[in-house]
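Morning, everyone. Please have a look at the model on the screen before I start.

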Amino acid sequence: LDSLHLESLRQRLGSSMAEEVITDTLEGAAEKVADAAADMANNGTATKVPATTEGMMIAYGSLVIMALFPIFIGSYRSVSSHKEQKENHARTGEAPETMTQKDAMMFPIIASCALFGLYIFFQIFSKEYINLLLTFYFFVLGIFALSHMMSPIILKLVPSAVPIIPFRLKFDQGEG
């Protein structure tokens with residue numbers, strides 16, 4: 001409220017009543033601004049929903065299953081792969097892939113260097129650039145995954161007049 005309006009209110013209502021109305025109006029406006037600021041700061045998340053026993057059981061059960069399922073599947077596939085390599089070795093004489101003691105000793109060193117490199121990367125580049133890089137990375141991966149998943153359907157829809165030539169990248173070590 002500007003000074004002209006305050007003066008006109010004082011003259012119309014009398015000095016004490018005008019000050020009371022102005023004070024009430026200002027206090028109400030200040031309270032509304034404070035409430036709006038608190039709502040903006042909390043972003044609607046100030047009220048916390050209490051956890052229930054059923055919800056906690058579902059959450060922890062899901063975490064245990066998500067932790068154990070990949071380990072179980074990976075172990076099963078590892079055993080079946082080892083059996084296949086043994087059969088292939090007996091049939092063709094090709095040596096199975098194994099990890100040497102040197103490989104096992106180098107693993108913690110290589111992993112530590114990779115983690116240190118990630119730490120340095122996150123210290124040097126800002127959050128926006130990292131988000132941009134990850135967005136591009138997952139965009140490209142999504143395109144490859146979607147094209148691989150949809151290729152059987154697309155191949156059925158393409159007429160036989162269009163030649164379907166599979167392309168592969170092959171990297172060879174050579175001279176020149």
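This is a predicted model: local features need pLDDT of at least 70, side-chain atom pairs count only at pLDDT 80 or more; totals for chains, interfaces and linings use all residues.

Start with helix 3. It covers residues 53-92, which is 40 residues. From first C-alpha to last, helix 3 reaches 58 Å. The expected span at 1.5 Å a residue is also 58 Å. What comes after helix 3? Gly-93 does, and its phi is positive, near 85°.

Now helix 4. This one takes in residues 101-124, with 24 residues. Helix 4 reaches 36 Å, close to the 34 Å expected. Look along it for a kink. The kink is about 30° and lies at Phe-107.

Next, the surface. There is a nonpolar patch of about 790 Å². Which residues make it? They are Phe-116, Tyr-119, Ile-120, Ile-124, Phe-125, Tyr-129 and Leu-132. Two helices each supply at least two residues of the patch: helix 4, and helix 5 at 127-157. Helix 4 gives the most, with four residues. An α-helix has 3.6 residues a turn, so residues three or four places apart point the same way.

Leu-132 lies in helix 5. Is Leu-132 buried or exposed? Its relative accessibility is 56%, and exposed means over 50%, so Leu-132 counts as exposed.

Phe-125 is also in the patch. Its relative accessible area is 39%, so it is partly exposed.

That residue brings us to the rings. A pair of aromatic rings is described by the distance of the centres and the angle of the planes. The count here comes to three aromatic pairs. One of them is Phe-121 with Phe-125: the ring centres are 4.8 Å apart and the planes sit at 55°. Edge-to-face needs over 60 degrees and stacked needs under 30, so this pair is tilted. Phe-121 is partly exposed, at 27% relative accessibility.

Tyr-137 and Phe-138 make another aromatic pair. Their centres are 5.3 Å apart, with 70° between the planes. How is that pair classed? It is edge-to-face. As for cover, Tyr-137 is partly exposed at 46%. Phe-138 has a relative accessible area of 53%, so it is exposed.

That's my tour. Over to you for questions.

Note on methods. Residues are numbered from 1 along each chain as its sequence is written. Side-chain values use heavy atoms; hydrogens and water are left out. The expected span of a helix is 1.5 Å times one less than its number of residues. The bend at a residue is the angle between axes fitted to the seven residues ending there and the seven starting there. Patches are made of residues with over 30% relative accessible area and no salt bridge: like charges are joined within 9 Å, nonpolar side chains (Val, Leu, Ile, Met, Phe, Trp, Tyr) within 5 Å. Accessible areas come from the Shrake-Rupley method with a 1.4 Å probe; for residues, only the protein chains shown count as cover. A salt bridge is a side-chain nitrogen of Lys or Arg within 4 Å of a carboxyl oxygen of Asp or Glu. Buried means under 20% relative accessible area, exposed over 50%, partly exposed in between (1.4 Å probe, protein chains only). Rings of Phe, Tyr and Trp (its six-membered ring) pair if their centres lie within 6.5 Å; planes under 30 degrees apart count as stacked, over 60 as edge-to-face and the rest as tilted.
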